Amino acid sequence: MAFSLHEKNDTIVALATPQGVGAIGVIRLSGIDAIRICNKIFKGKDLEKQESHTIHFGTIRDGEKVIDEVLVSLFIAPKSFTKENAVEISTHGSSYIVNQVIKLLIRQGARPAKPGEFTQRAFLNGQFDLAQAEAVADLIHADSEASHQAALSQMRGGFSGEIQKLRNELIHFASMIELELDFTEEDVEFASRDDLKVLVEKLLRVIEQLIGSFDLGNVIKNGVPTVIAGKPNAGKSTLLNALLNEEKAIVSDIAGTTRDFIEDEINIGGVIFRFIDTAGLRETTDTIEAIGVSRTQEKMKTASLILYLFDLGDTDMVEISRDINKLENLGVPFLKVANKIDKADLEFVGELKSKHPDTIFISAGNKENLDDLKSRILELVNLDKFKTGNTIVTNIRHYDSLVKTRESLLDVLGGIDQEITNDFLAMDIRRSLHYLGEITGEITTDDLLANIFSKFCIGK
Amino acid sequence: MFPQYDVIVVGAGHAGCEAAHAAAKMGASVLLCTMNMNTIAQMSCNPAMGGVAKGQIVREIDALGGMSGIISDKSMIQFRMLNRSKGPAMWSPRSQNDRMRFAEEWRLALENTPNVDFWQEMVSGLVVKDNRVIGVKTGIGLEIKAKSVVLTNGTFLNGIIHIGEKQFGGGRTGEAAAKGITEQLVSLGFEAGRMKTGTPPRVDGRSLDFTKMEIQHGDENPEKFSFSDETLPLNNQRPCWITYTNKEVHETLETGFDRSPMFNGRIQGLGPRYCPSIEDKINRFAERERHQIFVEPEGWNTVEIYVNGFSTSLPEDVQYKAMQKIPGFENAKMFRPGYAIEYDFFPPTQLKLTLETQLVENLYFAGQINGTTGYEEAASQGLIAGINAALKVNENEPFLLKRSDAYIGVLIDDLINKGTEEPYRMFTSRAEFRLLLRQDNADLRLTHLGHKIGLADDKRLEKTLDKKDETAKLINDLKQKRLAPEQINEGLEEFETATIKEKITIEKLLKRPQMGLEKIMELDEDIKIYLSKYPKEVLEQAEIQIKYESYLLKEQQMVEKLSNMEDFKIPLSFDYLSIPALSAEGKQKLHKIRPDTLGQASRISGVSPADLSILTVYLGR
């Protein structure tokens, strides 16, 4: 069941500077597609047309959303540390930013590097002489020990239990399928498809939660990405300033984050909220009508929370319902915030209350009812999860494995729906087990067979 | 009296016969030594070939140019394609065979193979000089010279048969055990172990009441094993029957447990978990009230019946009494009692992928001597050992199959890298690429390889190439040909699948779970006429390749991803012990097994991913 231990032709990515400290984070990419992959998320010069050993200023973007302002250094093979194409991206040091950038690079086709893999490649490509082999080998050894230790300590508590449970259920699941495949002639009962489906769905929910916790894990450290959406004169800036002034606790102690450029951070009830692209919001070009436009939609989709703000004095019911409908389709949690209650027509307020009873009525200018808004915000982001941090995936490699597990499980589900036979299902289940195995350790077919033989009477 | 042979094969079971045939076919001069010329290719256990995963192996042997498929076809009395309701990777051919004809056909096939000589005598030892085998010694003191030797001793090495408290030496019931070889090999430095297997009683069919059993017929349209035109499917078939044990049977068997060699510790060897004796089943799964018994005829004409599922080493009187409590067996007369047999094997981690031993050059092991069980597993190893012995004699490159090439590749790779604690049997779940390793494409996967080494003949290759070309052409046509709504909607409704509004290609239609080519033929007369031009195996091949395209592609991609590691060669002389950074366990295992490639190293238990990275560093550039 070993699929991928050493792949020479892919592109690897990792943070080159220590995690979580320092004003700058340097992300390193190496491999044949390093420059191409970086180019896909970099806005600035076309990196593929630049010369080796040049440095370029630009932004890293997720769709249209700016993640950070960066410096990119290019090294074209063989003139790099690894003798492959290589890129070094210097970002601001926030671990949120670093992880976002790495995630983007993975989405574009890079693979998280294994311990010592850069050094290993450098060696394989002849960067060192043979005398250094032992030193490199020791480094890999030590690195893998360290990462093993790190993974173990991280897995204490909820995470390890969760994964362990998952793994066992999956092994059982796989065994049942294998049993049916290999011992079809035997007088044994097999699991029903319906049961299998229930099980996979259950597994998917847990995996989703674990994957979600990767973002949550970062959120604890880096803030909940939040967007205030509304028409130009709805009072977005006023609300933001009101919240800022109220708290007087602008959080800018994350090293290297340039406050003006990316975000405003506000501490509400101990949770940090990061207002994305507030510069853009302050400009009066961002209208809710543009939700349908993909640029804005992309931006909103990446938020964990949207505050839909409208002016009671200049928005009619049709418009409000239409906007709410659009936001519901977006799938991001949002709050309906009606502004300028001090100047509102009471009849309209009544109508709104009956139609949308969960609307929060405030006056940003008068700082009226802001406490209510804040408590609703906290409610919405499911504070419990944040505070207890029970199940948290912070390792990007684990995250990557979980995402692939999810993909395989979705394939299993699709297979069940299409009434595909068990031999095909088994392949996707095996893939799921394999990717999960990247966190918990490999599961071999011998394990599956042992499980079968211990539980079922097999054999003529 | 004897010339110097290229290859001497010791033992004429499934492994020995394939080895002798393959080596001779490739031009080597072969001597086949057996203790008894009358028991060549005996089916010591059940009179059947194939089954899940094993049927795939028989097809692979056939595709490479081996004989097991043809012999099985010529001697079969019933054919079933198991698992038809599952996906094509699970379809598994299985035949019920006439035990006597099977042996006869093999003997005739070998007699008709130029370059095969026979000698009936026990081989008692090897002639080894400078860690190289140069011949064998026989019981009456002859020395026969050879460039290489293939040992396929089966259960004969120091075999001990157990029936209740009785035990006696023997390699099979009524046949003597072989002595001397184990002791010599151990003195040469080999590690030896002990394994156990068993077989059920045989009974008189005239004494059974078949009306009390469920009848099990062969397939309505039986297929066959061999891809070649040398054999034909059966016209007539014999049925088998199914019956069940019950509480009374179990209670009667339990009365003999105190005299069971299994339970009183007399049997030391490890038996297979998946082929347990009936007493083992009752003991381990006490909650089960009944176990299935397959009642299988031993041939076309004989009345002898094989009681599949009732393997036992309990005292014969207990076997007899318990059996008579089985529905249909009330008056059963026993021909031969069931028994357990213990025998020597050599942990296969001592071999190379060619099945040559690491310790003694030009010495090959195949079959149960390597810790496997099953005719098919044995035959395939014999084939690989015979091929490689012949290749090496002529100083040609070895013949190796990868895990992604064949079940045979999986089998050998598992044996050499993981060893085995119990008799190793093939399961489809052992193959990570089982969707690609199907019985229907064994010829497409392997015949060109068999042809390249001179085993599969030109006719076979041509036939395979034709199948390949025609399949490609058909797939292309199915992608082009479009069907109109008015043409097929009525039929689609009948098959309970969505009707269409615009023209649709046959390919698209075929991808629907509810649809197959057979149904599509029923939709429209023109299509039927068009498709009927193609032979059945081409239709089947095209259907599988289209219908499961996305899954096959995914698996193919995994194979390619791995090929990097499989192509990364490690020199045989590589000194693992001198690398301090390797984990202690990894170092020992690598040193012992000496993998050919990094891919092989990755599958050795105890070798960690970090060990692999370190290896690549040392192997470097």
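Predicted model: local features only at pLDDT ≥ 70, side-chain atom pairs only at ≥ 80, totals over all residues.
Local features need pLDDT of at least 70 and side-chain atom pairs count only at pLDDT 80 or more, while totals for chains, interfaces and linings use all residues. Residues are numbered from 1 along each chain as its sequence is written, and chains are lettered from A and ligands numbered from 1 in the order in which they are written.

In chain B, an unreviewed UniProt entry gives a "binding site" at Gly11(B), Ala12(B), Gly13(B), His14(B), Ala15(B) and Gly16(B); such annotations may be inferred rather than shown by experiment. Ala12(B) sits in the loop between strand E1 (5-10) and helix H1 (14-25), helices (H or I, at least four residues) and strands (E, at least two) being DSSP runs numbered from the N terminus. Ala12(B) is buried because it has 28 C-beta neighbours inside 10 Å; buried requires 20 or more other C-beta atoms within 10 Å, exposed 12 or fewer, and partly exposed lies in between, with C-beta atoms placed from the backbone. Gly16(B), in helix H1 of chain B, is also buried, with 31 such atoms. Beyond four places in sequence, the contacts (C-beta atoms within 7 Å) of Gly16(B) include Leu32(B), Thr152(B) and Gly382(B). Leu32(B) is also among the contacts of Ala12(B).

In chain A, the unreviewed entry places a "binding site" at positions including Asn233(A). Asn233(A) lies in the loop between strand E8 (224-230) and helix H7 (236-247). With 15 C-beta neighbours inside 10 Å, Asn233(A) is partly exposed. Leaving aside neighbours within four places in sequence, Asn233(A) contacts Asp311(A) and Asp314(A).

How values were computed: Contact = placed C-beta atoms within 7 Å.
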